[in-house]
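Here is a short report on a predicted model. It covers a strand neighbourhood and a ligand site.

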Amino acid sequence: MTPHTAPHKNVYRFIAGQADGNGTMKDLLGGKGAGLAEMTLAGLPVPPGFTITTAVCQRYYAAGNQLPADVWEEVLSALREVEAAVGKRFGDASNPLLVSVRSGAKFSMPGMMDTVLNLGLNHTTVQGLIAQTGNERFARDAHRRFIQMFGRIVLGVPGERFDHALEAMKAGRGVRLDTELTAADLQNLVTQFEAIVERETGQPFPADPYEQLRLAICAVFNSWYGKRAVDYRRLNKIPDDLGTAVNVVAMVFGNMGEDSGTGVAFTRNPATGEPVLFGEYLPNAQGEDVVAGIRTPEKLDALRERMPAVYEQFREVAARLERHYRDVQDLEFTIERGKLWMLQTRNAKRTGAAAVRIAVDLVKEGIISREEAILRVEPYHLDQLLHPMVDPKAETTVLGKGLPASPGAAAGAVVFDPDVAEKRAQGGERVILIRTETSPEDFHGMVAAQGILTARGGLTSHAAVVARGMGKPCIAGCSDLRLDAEGMHLGGRTLREGDFITLDGTTGRILLGDLPLVEPETGADFETFMRWVDDARQMRVRTNADTPHDAQVARRFGAEGIGLCRTEHMFFEGDRIDTVRQMIMVSGAYQRLTAALGKVNADLERLKGDAEKVAALEAERAALEAELEAPARLFKGALEALLPMQRADFVGIFEAMDGLPVTIRLLDPPLHEFLPHTDEEIEALAGKLSLPVADVRARVMALREHNPMLGHRGCRLGIAYPEITEMQARAIFEAAVEVTRRGITVLPEVMVPLVGDVNELRAQESIIRRVADEVQQATGVTFTYLVGTMIELPRAALTADKIATVAEFFSFGTNDLTQTTFGFSRDDAGTFLPMYVERKILADDPFQVLDREGVGELLRIGTQKGRAARPTLKVGICGEHGGEPSSVAFCHELGFDYVSCSPYRVPIARLAAAQAALRQRSQ
Ligand code: PEP
Ligand code: MG
């Protein structure tokens, strides 16, 4: 073989121990081609062949789907060398060379393009194959298989046409298995298959082996833009412009008798990671028999019994390849008349459980370093490991798809009402709550349900955020789902209350029926692995948790504090919502009258000398005071009632987080979210609070907003109702005193939401600090605390230097920051964002993967300006991005102190933070 020197080589040979390429050249040769070259160089038994590069694929498309002439010349010259190596000639009547043609992209894309085997056969060369093998039946079978495969894959003839003819032949002969057909039967099938091709394509089957080869190569290139391949790439985020390589390899036959066969194997069990050779073997068969599931393969042990020496050789080759690649290998092999041939090696795909075990074992075996082990496990692997999954063996019917809003699987009876969900769950039933969208009022139903499905809403919708917090599967924004009085309509079916479905929140698939689930397992390997992860990372990982239970779960998952405690969720606990509603009902009158009274008092001060005016003002004051009496009593009474409840909440959370920081955010949502909406609910509330129905309805109407997400929410509430801020601050600090007295270490961080101007923060900060002083003075107990803010509006990021003069910490609320930067509503973007991603207007849903260019720039500016003004400023993130690996990596690059995410994502964030630190170190 002549060494390659040409600058633009199109074809890379691997022939008899020599290869133009090697294992590192996956970009150019694809995974399969690189593996074949590497195995050839390593002296392993690989049938000779060559790889046409991915660069040719790009040229092919650039030339309008034409194979360039110079490429064809190189193909022919490589083919000559293969002929020489095996001592056969392509297209030769007496001693023909047959080849396989297979695609091979940089990333394996299963199902993109099948293999064409036995290429080079026609009515002349088949005679040569009979002569070579002395086995006419084998040769006829190879011929009919070739026409069948080539017809289906290269010429696009529907596969059933051939299958029907084959079945009819078997029925006619009264046999069950293909292997029972005779040479004459198979020859007859060849004739029938050729007729099928001619009928379907209007052309005779191409007899010229060179024409066959050219067509097959072009078909592989064409398949790169086939629907299956495009869909697969979209799903797996593989770029379209990589292109595929084509591998042309001399055929070896696994179907030449009982001393032949074919198989696939993994060097370790890809489901569990157990370090044993694991695979399947089919004696006397060709590759497609295994893949097509036509015959049931045997375990690899069967090979050991049939051919111990070959098995031993294969075991050695497998072990060598694993050591060589320093990772578990996925192997394809064929045995032809007792001789082993390797057809493929690649890093094996594996489950989450296997990924962790393999990484830990390979370190213990001295094959890889701890750092490599950390980089080998994908963050999504851990997601798999921590949630139940649909049993991979279960048969599934997919009803539809939505956004994978919270991972894991759940099965149960469908219910459409949170009260029904609660009732059925109390009766011991497993239920799935289905809603158009959820709101805080549905919370009890979500708690009761195994999983949640919504027709509307995106990845930061209420349903998504709450479900993730609870570690429950959730599929949001399933736009095909229709709900009406009858039940739900999806995938052409109607399901009524009580019918069963299964949600796969990891993929967003909605499946019919009550499917079996498999529980996650984390064992000693997981613990070991996570210890290494923690040693490698620099950023801290906190959790978003609103209850002591969630806090404990998160702590078990390794959370190092709470980065966001959303206090509004506490307002829905038990029957406190009635107290909250009482407060809101009277808050309008209270606020109006207090303001009026303030004005009268100011006027009185100003007009002290004017007796006449003073008298009138005093009368006005008395009237106002009388009018204010009832609303003030009810408003303050509600706050007083809420204070001990909130205090108890914080005590529970401080206990769970003993010694760790806890960031508590003041009330954020607009008040109308706490109020009822339907007439019935309004009447019920009026009854409970002994208020006229008309008054309640009027207040509900008054609080209604067109854009509540941009309305009276966040710190704007605390500024309008400083009493609420005061009550919350008091609850926090009194709880701190209570647990401090019990020897618990508390580190409260009070966080003000939705600040856009430093003056907003200043106004809230003064209340918080005053209350802290009062509580410390009254109790004699001192504690340390911080006051900081969320940065979730562009203006806050742009004026971060000013805000940092007051704030001791920043926590980027990237849910709202994404909403306000893009101008995409968090709740409604689900209606068009999937289309944006589909059409590549955006690479990802920005509510899921942080948009580095826009939102990320605001993070960068905010951090730089904030730290410039206050070098000790603590910076973190608590939007949903805090648990998304690439966003976590970005936070590391910006030098954040911590990320905060829902409890079940904590291990993922820990791993992502460690990987980001290691990647930065190796740059
Ligand atoms: C955010 O906006 O990113 C955030 C964490 O707050 P919330 O989701 O509660 O608005
Ligand atoms: Mg927010």
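## Strand β18 and its partners

Strand β17 (residues 409-415) pairs with β18 in the parallel sense, over three bridges. Pairing requires at least two DSSP bridges between the strands. Strands (E, at least two residues) and helices (H or I, at least four) are DSSP runs, numbered from the N terminus. V414 stands opposite I432 in β18. Together, β17, helix α16 (residues 418-426) and β18 form a right-handed β-α-β unit. Right-handed means that, with the strands pointing away from the viewer, the path from the first strand over the helix to the second runs clockwise.

β18 also runs parallel to strand β19 (residues 451-454), joined by four bridges. Here L433 faces I452 in β19.

Four of the five residues of β18 (residues 431-435) are buried, so the strand is largely enclosed by the rest of the structure. Buried means under 20% relative accessible area (1.4 Å probe, protein chains only).

## Ligand 1

R566 places a polar side-chain atom 2.8 Å from an oxygen atom of ligand 1. For R665 the distance from such an atom to a ligand oxygen is 2.9 Å. A polar backbone atom of T814 lies 3.0 Å from an oxygen atom of ligand 1.

## Basis

Residues are numbered from 1 along each chain as written, and chains are lettered from A and ligands numbered from 1 in written order. Local features need pLDDT of at least 70, side-chain atom pairs count only at pLDDT 80 or more, and totals for chains, interfaces and linings use all residues; side-chain values use heavy atoms, without hydrogens or water.

Key. A polar contact is a pair of N or O atoms within 3.5 Å; within protein, one must be able to donate a hydrogen and the other to accept it, and residues adjacent in sequence count only if both atoms are side-chain atoms. Buried means under 20% relative accessible area, exposed over 50%, partly exposed in between (1.4 Å probe, protein chains only).
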